Amino acid sequence: MAISQARKAELMKDYGRNEHDSGSPEVQVAILTENIRELTEHMKDNKHDYSSRRGLMGMVSKRTRLTNYLKRTDRDSYLKLIDRLGLRK
């Protein structure tokens with residue numbers, strides 16, 4: 001279910017502060033969003049996969065905490081990120 005290394009590198013390049021940035025909140029939120037979208041598609045076909053559902057809820061929770069941190073520390077970056085990823089406020 002995890003995204004490929006090539007896709008992860010592409011997300012790091014697009015959302016990172018530099019090309020090799022993998023730890024900034026923007027990159028982490030982008031990678032989590034990609035994983036959440038893939039897992040959501042999996043859950044549409046496998047409604048009773050409770051282990052994956054628990055993992056999905058954990059990822060959504062982590063993404064929420066990261067976006068809240070970004071909102072507190074760098075409001076402009078937060079607004080730009082949620083606009084680019086198509087997330088709700």
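Guide: Helices here are DSSP runs of at least four residues, numbered from the N terminus. Keep in mind that this is a predicted model.

Visitor: Okay, how many helices and strands does the protein have?

Guide: You'll find 4 helices and 0 strands, so along the sequence the pattern reads α-α-α-α. The radius of gyration is 14 Å, close to the 12 Å that the globule rule gives for 89 residues, so the protein is as compact as a globular protein of that length.

Visitor: And what does the C-alpha trace span along its principal axes?

Guide: About 40 × 30 × 20 Å. Of the 89 residues, 37% are buried, meaning under 20% relative accessible area.

Visitor: Now the largest pocket: which helix gives the largest share of its lining?

Guide: That's helix 3, with 6 residues. Helix 3 covers 50–73, and helix 4, at 75–85, also supplies at least two lining residues. The pocket's volume is about 270 Å³.

Visitor: Which residues should I click on to see the lining of the largest pocket?

Guide: Start with Val60, Arg63, Thr64, Thr67, Asn68 and Lys71, then go on to Tyr78, Ile82, Gly86, Leu87, Arg88 and Lys89.

Visitor: How does that lining split by class?

Guide: Evenly: 4 nonpolar, 4 polar and 4 charged residues. Gly counts as polar in this scheme and Tyr as nonpolar.

Key:
Residues numbered from 1 in each chain as written. Predicted model: local features only at pLDDT ≥ 70, side-chain atom pairs only at ≥ 80, totals over all residues. Heavy atoms only, no water. 1 Å grid on protein atoms, 1.4 Å probe; cavity = no way out; pocket = protein on both sides within 12 Å on 5 of 7 lines; lining within 4 Å. Points joined across faces, edges and corners; volume = space filled by probe spheres on them. Rg over C-alpha atoms; globule rule 2.2 N^0.38 Å. Buried < 20%, exposed > 50% of the residue type's maximum accessible area, 1.4 Å probe, protein only.
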